[in-house]
Amino acid sequence: MMELLKIAKTNLRNNLKKKLSQMTASEIAEQSKIITNKILSHPAYTRSNRVSIYLSMDSEVQTNSIVENIFDSEKICFIPKYSKSEMLMVKIKSIDELNSLPKTSWNISQPADDDVREDALTTGGLDLIIVPGLGFTKDGKRLGRGKGYYDRCITEYKKKYPFNNLKTIGLAFSEQICDDIPMSQQDSLIDFLVCP
């Protein structure tokens, strides 16, 4: 059963990667702009104070303007810091600080291994996690890149801070909306999906 689920997910991932690779830079920019405007007025965002946001790769919904708004509206900004086995959500104090971070092999900014920063999990949790993904359904199913970072992270935060009322929002291009996504017990549902 697990094997079939794995195959189904791999096939769907390949399918979605192909769709994303066919999007033009202007389509990505256009849809990202619409999604950004929707996020900035979303109740889960406007009410939040401690926000985790992914830093976008070229083929993802672009998050630069959302990051800028987090600082402009004086929310506290956390970004993912990946290692082989885990993902921490670490605090960033300004856009300048963000721009000075080194890039990973994925071309994503993140603090260096020896750059120790405030970790949201040990300092009060989060109100909102803005989640990337390859595919989403309208009812909250999400297909990530297969490493399970976000599923483990969301579960961990909800367990440690049950009263934080943590919300999760997935960002998706129209091309990433699926009718259904095969799920296992480890997969977390997201609370909201924002798409064009």
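I looked up the pairing of strand β1 with strand β4 (residues 128–131) and found that three bridges join the two, which run parallel; strands here are DSSP runs (E) of at least two residues, helices are runs (H or I) of at least four residues, and both are numbered from the N terminus. Two strands pair if DSSP finds at least two bridges between them. In β4, I noted Leu128 as the bridge partner of Val51.

Before going on, I recorded that this is a predicted model, in which local features need pLDDT of at least 70 and side-chain atom pairs count only at pLDDT 80 or more, whereas totals for chains, interfaces and linings use all residues. Residues are numbered from 1 along each chain as its sequence is written, and side-chain values use heavy atoms, with hydrogens and water left out.

I then followed β1 to strand β2 (residues 76–82), to which three bridges join it in a parallel run. Arg50 stands opposite Ile76 in β2, and Ser52 stands opposite Phe78. Looking at the side chains of β1 (residues 50–53), I saw Arg50 and Ser52 point one way and Val51 and Ile53 the other way, with all of them buried; buried means under 20% relative accessible area, exposed over 50%, and partly exposed in between (1.4 Å probe, protein chains only).

On the β3 side, I found β2 and strand β3 (residues 87–92) paired in the antiparallel sense over six bridges, with Cys77 opposite Ile92 and a hairpin of four residues joining β2 to β3. Because five of its seven residues are buried, β2 is largely enclosed by the rest of the structure.

Next I turned to the largest nonpolar core, which has 55 residues, and among them Met89, Ile129, Ile130, Tyr157 and Leu171 touch the most other members; such a core is a set of buried Ala, Val, Leu, Ile, Met, Phe, Trp, Tyr and Cys residues joined through side-chain atoms within 4.5 Å. Helix α6 (residues 149–160) gives the most to this core, with five residues.

Which residue in the loop between β1 and α4 did I look up? I looked up Thr63, which lies in that loop and counts as buried because its relative accessibility is 1%. Leaving out residues up to four places away in sequence, Thr63 touches Ile53, Tyr54, Leu55, Ser56 and Leu171, where contact means heavy atoms within 4.5 Å. Leu171 in turn has contacts that include Ile35, Tyr54, Thr63, Ile130 and Val194, with the residues up to four places away again not counted.

For a contrast in exposure, I took Gln185 in the loop between β7 (167–171) and β8 (192–194), and Gln185 counts as exposed because its relative accessible area is 81%.

Last, I noted that the charged end of Lys75 sits over the ring of Tyr45, 4.6 Å from its centre; the criterion is NZ of Lys or CZ of Arg within 6 Å of the ring centre and within 35 degrees of the ring normal.
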